[in-house]
Amino acid sequence: MAKRILVTGGAGFIGSHLCKRLLDDGEEVICLDNLFTGTKKNIECFLDNHNFEFIRHDVTREYLLEVDQIYNLACPASPIHYQFDPVKTINTSVMGAINGLELAKKVKARILQASTSEVYGDPSVHPQPESYWGNVNPIGIRSCYDEGKRVAETLFFDYHRQYGVDIKVVRIFNTYGSNMSLNDGRVVSNFIVQALKNEDLTIYGDGNQTRSFCFVTDLVDGMVRMMNSRDDFTGPVNLGNPGEFTMKELAQKVIELTGSSSKIIYKPLPQDDPKQRQPIIELAKKELDWEPTTNLDEGLKKTIEYFKECLG
């Protein structure tokens, strides 16, 4: 029998891919989004599907729906977007978590929190295991997102301990793919758009800082596996690709794959920008039988094709 599943932030980059996966699996999907960073364009192909429903709503306000599972993805996730209105960002993380958890408590639904590798801050432990508590500046320009997500994790575990709410928590590392917006502000979309326009690729810092890039369909598979994992496994669990690349390496790959005439230029590193980011995914392998299958070249080629279409 099909499950009735709520995806908050379902019109966003990752949320829209999750909606597609759940519909493909035969589930009934309710997408709830205020379209602050999400867009109807990402979900318009589902609007005629009788198993799909779109509700325009802000998760900072209460809502009541009869559902079996809740994926809580609602929150701006790129620095440009979450720093645009930092008070709204932290409010979305905290009140969004509370309202999602209150609904899960009322209707006895399982709820998954889309947390982030940003909870590790600028890590002093590398690579990052789930047991690492992080190194986060609580008053910096990234804190609205980092600390908002950390508080959301706290709320999830307190609701689990105090009220017995059925929770799952995943920590998402850098993810890329189609449905990213042109002005996303994330490094992969920035580089691809600049390369396709033959503009200079902008690296912040010396280019030796590292990230690990996970293709979006791999990530979504991990999220669905986590949601449907055994009852006593709450996480948190890292979901990301352990392949580690410097910003310089990524820029060179994008120039090569696009055949661009772009050059690389360097600008100062923003405050609190993490120097290293790489997940340890042994827990996901053990508990979810999950690991990414899309390598960076393959994923970048697909993403470049998507942005070529966007740019016309």
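**Figure 1. Contacts across the whole protein chain.** Among contacts in the protein chain (heavy atoms within 4.5 Å) between residues at least 6 apart in sequence, 81% join residues at least 24 apart. The model you are looking at is predicted: local features need pLDDT of at least 70, side-chain atom pairs count only at pLDDT 80 or more, and totals for chains, interfaces and linings use all residues. Residues are numbered from 1 along each chain as its sequence is written, and side-chain values use heavy atoms, with hydrogens and water left out. The protein chain contains nine helices and 13 strands. Here helices (H or I, at least four residues) and strands (E, at least two) are DSSP runs, numbered from the N terminus.

**Figure 2. The overall size of the protein chain.** Picture a box of roughly 55 × 45 × 40 Å, taken along the principal axes: the C-alpha atoms of the protein chain fill it. What is the radius of gyration of the protein chain? The value is 19 Å, which agrees with the figure near 20 Å that a compact globule of 312 residues would have. This radius is taken over C-alpha atoms, and the globule rule is 2.2 Å times the number of residues to the power 0.38.

Figure 3. Of the 312 residues, 56% count as buried. Buried means under 20% relative accessible area, exposed means over 50%, and partly exposed is in between (1.4 Å probe, protein chains only). The protein chain exposes about 13,600 Å², and carbon and sulfur atoms supply 49% of that area. Accessible areas come from the Shrake-Rupley method with a 1.4 Å probe; for residues, only the protein chains shown count as cover. There are 35 positive and 43 negative side chains, and the centres of the two sets lie 1 Å apart. Lys and Arg count as positive and Asp and Glu as negative, while His and the chain ends are not counted. Each charge is placed at NZ of Lys, CZ of Arg, CG of Asp or CD of Glu.

Figure 4. Let's start inside the helix: Q194 belongs to α5, which covers residues 187-196. Is Q194 buried or exposed? Q194 is buried, because its relative accessible area is 14%. Leaving aside neighbours within four places in sequence, Q194 touches E199, D200, L201, T202 and S262. N198 sits in the loop between α5 and β8 (201-204). With a relative accessible area of 44%, N198 is partly exposed. Its phi is near 55°, a positive value in a residue other than glycine.

**Figure 5. Cysteines without a disulfide.** How many disulfides does the structure hold? The count is zero, where a disulfide is a pair of cysteine sulfur atoms within 2.5 Å. For C45, the closest cysteine sulfur is in C19 at 9.6 Å, so the two are too far apart for a bond. C45 counts as exposed, at 60% relative accessibility. For C144, the closest cysteine sulfur is in C75 at 8.1 Å, again too far for a bond. C144 is buried, with a relative accessible area of 8%.

**Figure 6. Backbone features to look for in the loops.** Most residues other than glycine have a negative phi, and most peptide bonds are trans. A cis peptide bond joins H126 and P127, with omega about -10°. P127 lies in the loop between β5 (110-116) and α4 (143-163). Another cis bond runs from G235 to P236, where omega is near 5°. P236 is in the loop between α6 (216-227) and β11 (237-239). L35 has a positive phi, near 65°, although L35 is a residue other than glycine. Look for L35 in the loop between β2 (28-33) and β3 (52-56).

Figure 7. K275 is in the loop between β13 (264-267) and α8. K275 is partly exposed, with a relative accessible area of 48%. Beyond its neighbours within four places in sequence, K275 contacts D122, Q209, T210 and R211. K275 and P127 are 148 residues apart in sequence and 12 Å apart in space, C-alpha to C-alpha. T293 lies in the loop between α8 (282-288) and α9 (296-311). T293 is exposed, because its relative accessible area is 66%. Leaving aside neighbours within four places in sequence, T293 contacts D218 and E298. T293 and L182 are 111 residues apart in sequence and 26 Å apart in space, C-alpha to C-alpha.
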